[in-house]
Amino acid sequence: MCNNFNKKFIDEAKKTMEDNNIEPVPNTKNHNYFMNEAVKAAIDGMKANEGGPFGCVIVKDGKIVGRGNNKVTSTNDPTAHAEVTAIRNACKNLNSFQLDDCIIYTSCEPCPMCLGAIYWARPQKVYYGSNQEDAANIGFDDQFIYDEIPLPYSQRSIPFEQCERETALKPFQLWSKKEDKTEY
């Protein structure tokens, strides 16, 4: 009887939490498990010569819904960082362009490009293992990108110059009038 009561109580509490959109307090053992999965993705990808030593998993409702590792050199794609490949994988698996209620575990603090991708994907939270300094110590130094962002376009190491603005505004004008658009 005690076991049935406990099961009923736990089931009711779980249903109440789900109905009220209450997230359970993260278990530190889960953090350890998911970060280890991100690190495993980094090591597996590196061993397979797919790219640099970075891995990422994306979690929703306590389950991994996306995995990625750095694949820059194997795909000749400079955007194929671990977080980006994991975001692409999770979005495909979830059939969504946003990571609502998802948590990202990445083996290293995200670079500026991945940070932008993460904000566009809109996860609930990001946990990272190693940091920018750790990455810089092995040759992955993103500081030059952070230094470039506040510079005037003409002073950047890759110059930026605006041209044909009126032509480029046409798609924006059409978008603003489009009635069946999917906003994001």
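Colleague: Which residues of helix 4 are buried?

Modeller: In this predicted model, the buried residues of helix 4 are Ala 82, Glu 83, Val 84, Thr 85, Ala 86, Ile 87, Ala 90 and Cys 91.

Colleague: And what covers those buried residues?

Modeller: The cover over the buried residues of helix 4 includes strand 1, strand 2, strand 3 and helix 5, which is made of residues 112-121.

Colleague: What span should helix 4 have, going by its residues?

Modeller: Helix 4 has 13 residues, and at 1.5 Å a residue they should span 18 Å, which agrees with the end C-alpha atoms being 18 Å apart. After the helix comes Asn 95, which has a positive phi, near 55°.

Colleague: How many bridges join strand 3 to strand 4?

Modeller: Strand 3, residues 102-108, is joined to strand 4 by five bridges, and these two strands run parallel. Across this pair, Cys 108 stands opposite Ser 130 in strand 4. As background, strands of a sheet pair through backbone hydrogen bonds, and the pairing can be either parallel or antiparallel.

Colleague: What about Thr 106, is it buried or exposed?

Modeller: Thr 106, which has its place in strand 3, counts as buried because its relative accessibility is 1%, and the cut-off for buried is under 20%.

Colleague: Which residues is Thr 106 in contact with, leaving aside its neighbours within four places in sequence?

Modeller: With those neighbours left aside, Thr 106 is in contact with Met 35, Ala 38, Gly 55, Cys 56, Glu 83, Val 126, Tyr 127, Tyr 128 and Gly 129. One of these, Glu 83, is also among the buried residues of helix 4.

Colleague: Back to the helices, then. At what angle do helix 4 and helix 5 cross?

Modeller: Their axes cross at roughly 25° and come within 9 Å, and helix 4 and helix 5 are therefore roughly parallel to each other. The contact is made by Glu 83, Val 84 and Ile 87 of helix 4, together with Met 113, Cys 114, Ala 117, Ile 118 and Ala 121 of helix 5.

Colleague: Which residues of helix 5 are buried, and what do they pack against?

Modeller: Pro 112, Cys 114, Ile 118 and Ala 121 are the buried residues of helix 5, and they pack against helix 4, strand 3, strand 4 and helix 7. Just after helix 5, Arg 122 takes a positive phi of about 60°.

Colleague: Where is Asp 101 found?

Modeller: Asp 101 is found in the loop between helix 4 and strand 3, and although it is not a glycine, its phi is positive, about 60°. Asp 101 is partly exposed, with a relative accessible area of 47%.

Colleague: And where does Glu 164 lie?

Modeller: Glu 164 lies in the loop between helix 7 (143-148) and helix 8 (165-168), and its phi is near 55°, a positive value in a residue other than glycine. With 56% relative accessibility, Glu 164 counts as exposed.

Conventions:
Residues are numbered from 1 along each chain as its sequence is written. This is a predicted model: local features need pLDDT of at least 70, side-chain atom pairs count only at pLDDT 80 or more; totals for chains, interfaces and linings use all residues. Side-chain values use heavy atoms; hydrogens and water are left out. Two strands pair if DSSP finds at least two bridges between them. Helices (H or I, at least four residues) and strands (E, at least two) are DSSP runs, numbered from the N terminus. The expected span of a helix is 1.5 Å times one less than its number of residues. Buried means under 20% relative accessible area, exposed over 50%, partly exposed in between (1.4 Å probe, protein chains only). Contact means heavy atoms within 4.5 Å. Axes are lines fitted to C-alpha atoms, for helices over the stretch in contact, and angles run from 0 to 180 degrees between N-to-C directions. Angles under 35 degrees count as roughly parallel, over 145 as roughly antiparallel, 65 to 115 as roughly perpendicular and the rest as oblique.
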